[in-house]
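Please read the following note alongside the sequence and the structure.

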Amino acid sequence: MPNYKLVYFNARGRAEPARILFYLKGQDFVDDRFSYEDWPKLKENKKGYFGRTEMEEAKNDVIIETVTDIELKMMPHYLATDDAKRAELIQAFKDTTSKPFYHYLSDEVKANGGKYFVGNEISLADIVVFNHLDIMTDSTYKIEGVLDQYPNLVAFYEAFREDPRIKSYIEKRPTTPA
């Protein structure tokens with residue numbers, strides 16, 4: 001059985017729903033609480049995938065939320081039960097709905113040198129964008145040609161996929177629809 005550790009302030013806050021879920025399911029977990037005074041030191045000891053500065057952290061947030069917005073716009077065609085309606089929604093997503101989001105992401109990765117979305121090393125934003133692009137190009141939910149107008153995104157995707165650590169993971173991961 002997996003071991004879970006929830007790390008949060010010694011407060012209810014945003015962690016409380018997760019604590020309640022653990023208790024409702026009878027799932028043991030470590031409730032690792034820290035004081036507000038300890039936060040600055042703990043924050044400095046982060047894993048580094050969310051940026052090195054407050055500006056990089058903010059940029060990660062914006063990129064990740066952009067992907068969330070794209071995925072929310074995709075939901076109607078995934079949920080459509082009528083094939084003709086699904087095809088219509090996919091075409092609208094491809095021709096109209098997705099364009100402002102993909103243009104923005106394309107411009108952002110280009111402005112940052114083409115390799116990363118934030119800073120000069122892999123960030124959470126890169127991982128989230130890669131995952132989205134991977135689903136768009138290499139899953140049962142792919143949308144043919146949706147990225148044809150965005151060579152910067154395609155180049156980012158292909159380079160990220162060739163990172164030896166990512167490539168190794170992809171070779172080992174189970175095959176799933178998305």
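In which helix does proline 151 lie?

1. Proline 151 lies in helix α7, residues 151–162; helices here are DSSP runs (H or I, at least four residues), numbered from the N terminus. The model is predicted, with local features needing pLDDT of at least 70 and side-chain atom pairs counting only at pLDDT 80 or more, while totals for chains, interfaces and linings use all residues. Residues are numbered from 1 along each chain as its sequence is written, and side-chain values use heavy atoms, leaving out hydrogens and water.

2. Proline 151 has a relative accessible area of 57% and is therefore exposed (over 50%; buried is under 20%, partly exposed in between, with a 1.4 Å probe and protein chains only). Between proline 151 and leucine 24 there are 47 Å in space, C-alpha to C-alpha, and 127 residues in sequence.

3. Leucine 21 belongs to helix α1, residues 16–25. Leucine 21 counts as exposed because its relative accessibility is 53%.

4. The buried residues of α3 include Glu57, Asn60, Ile63, Ile64 and Val67. Among the elements covering the buried residues of α3 are α2 (39–44), α4 (83–97), α5 (99–111) and α6 (124–137), where contact means heavy atoms within 4.5 Å.

Key: Helix = DSSP H or I, 4+ residues; strand = E, 2+ residues; numbered from the N terminus.
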